[in-house]
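Have the sequence and the model side by side before you read on. We will walk through a sheet, a cavity and a pocket.

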Amino acid sequence: MTGNEALGILVKGFTHTVKDPLWGNVPLTEGLRAILDVKEVEKLGRIKQNGPAFHIYPGAVHTRLSHSIGVYYLGREMLLSLSAKSDDLPFTVKGVMSFLSACLLHDIGHFPYAHSLKELSIREHEEIARSLIAESAELSQALEKAGADPEMTGLIIDTKEKTDEEETVFYRNMLSGTLDPDKLDYLSRDAFFAGIPYGKQDTSYIISSLSYTSGTIAIKEDAISLVEQVLFSKYMMYRNLYWHKGVRSATAMIKRAVLSALRDGVIKADDLYLKDDNGFTSMCLSRLDYAPFHLVEKVENGEIEERKAWKPFDENGKLERKAFPITERYRLEREIFQILAPRYPELEEYEVIIDIPEPISFETRINIAMADGSIRKPEEDEMLFSKAGTLFSRSLRKVALYLPSYITQPDAEEAFQEVQNG
């Protein structure tokens, strides 16, 4: 497909507008606009993008729906930018509309606190999204009316499902890459609503610096610093928002409650899927006869436990080895409880929480477009932050002990140290 043909597809019929506080007017076709009314999509408007982070940053109450619209907007802007610079694009009409639909639908498999529950034996949200598209007649019909192919849309989202179809793989790499619309939106959006400056990107310049050459997307050589900026912003957002000790405490409390309930057969993994914030909390608060669910109640009331002891993560550390897999972590928590309980008879075993954040990556997977039209890979030392990012990731990861506020820090540190040495 030529660039002019692609531009025609991306402009004609985009007569509906949704206003977004970050990107302004977001144009959609009638078919794409109708997708927002499907129940699986509407649900995203009832799920906070950053879960319990609003307890720390009160403005962070934006939703996964607004994020999904932002991803769609940036995804379309990327296609427009690529189309304006190339006359040999691997696009079809159905493929373009499937990609735009995938941008809108990439999070429909998410459930509340999903990022805090990654370590549990539950289905990935991308897999759930593909299943929803395949199983929901309403959603499939909406996609077809929008000019998209439901199967292709699902495959673009679920990267673990095998496909060798060239156009689908191309869109997958666009939606999940170093400079993907998902990352560019959530970094800027989360920073905007939390009221912190670290995630804001020069998004328009990033997008204008992308091109399609020799079957791949590349960034022009004089814009390499933009990749570094995105990676550094990701680090700063983890440091200041996603892994803020208060946010980690709230998500760890939720994780502890859910893990205990799954282990004890109080709930099943299927009970977690397809719920919005209210559905999830209602499920937990309606079963307060199960004591660990009081952790969810406390988070809802803003009663966040305090970080009383911590250590840098060491993958070879004795405590870390005993804490994996996560299903075995309760044994360490029980040991700490048994140490503290004689001094604090009011302490409940489920209130002792060890939190270990998941690993994060600062890898770069972007080709560089040279002035002569050739494409090359980044040189080993060219992306400084991608190397420094490994060190930053290590500095961010902390094995932390969270406890109720009345536990003194010396007592907590003594118990934490005893378990480490035991």
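The text below takes the sheet and its helices first, then the cavity, then the pocket.

Keep in mind that this is a predicted model. Begin with the open sheet of three strands. Its order is S5-S9-S6, and the pairing is antiparallel. Strand S5 covers residues 306-312, and strand S6 covers 353-355. Both stand at the edges with a single partner strand each, so one side of S5 and one side of S6 have no neighbour in the sheet. On average, neighbouring strands are turned by 20 degrees against each other, direction ignored.

Now look at the pairing of S5 with S9. Strand S9 spans residues 398-403. Six bridges join S5 to S9, and the two run antiparallel. For a landmark, find Arg307, which stands opposite Tyr402 in S9.

Two helices that pack on this sheet come next. Helix H17, residues 329-340, touches S6 and S9. The direction of H17 makes about 135 degrees with that of S6. Helix H19, residues 409-421, also packs on the sheet, touching S5 and S9. Its direction makes about 35 degrees with that of S5.

How many cavities of 30 Å³ or more does a search of the whole structure find? The search finds one. About 100 Å³ of space lies in this largest cavity. Its lining has 13 residues; Arg256, Leu259, Arg329, Glu333 and Ile354 lie nearest the centre. Helix H13 (245-263), H17 and S6 each give two or more residues to the lining. H13 gives the most, with six residues. What classes of residue line the largest cavity? Six are nonpolar, six are charged and one is polar.

The elements that supply two or more lining residues are helix H9 (166-175), strand S3 (210-213) and strand S4 (216-220). Which of them gives the largest share of the lining? H9 does, with five residues. By class, the pocket lining has ten nonpolar, seven polar and three charged residues.

To recap, trace three things in the model. Find the sheet in the order S5-S9-S6. Find the largest cavity, with H13, H17 and S6 in its lining. Then find the second largest pocket, with H9, S3 and S4 in its lining.

Key. Residues numbered from 1 in each chain as written. Predicted model: local features only at pLDDT ≥ 70, side-chain atom pairs only at ≥ 80, totals over all residues. Heavy atoms only, no water. Helix = DSSP H or I, 4+ residues; strand = E, 2+ residues; numbered from the N terminus. Nonpolar A, V, L, I, M, F, W, Y, C, P; charged D, E, K, R; others polar. Pairing = 2+ DSSP bridges. Axes fitted to C-alpha atoms, helices over the stretch in contact; angles between N-to-C directions. Contact = heavy atoms within 4.5 Å. 1 Å grid on protein atoms, 1.4 Å probe; cavity = no way out; pocket = protein on both sides within 12 Å on 5 of 7 lines; lining within 4 Å. Points joined across faces, edges and corners; volume = space filled by probe spheres on them.
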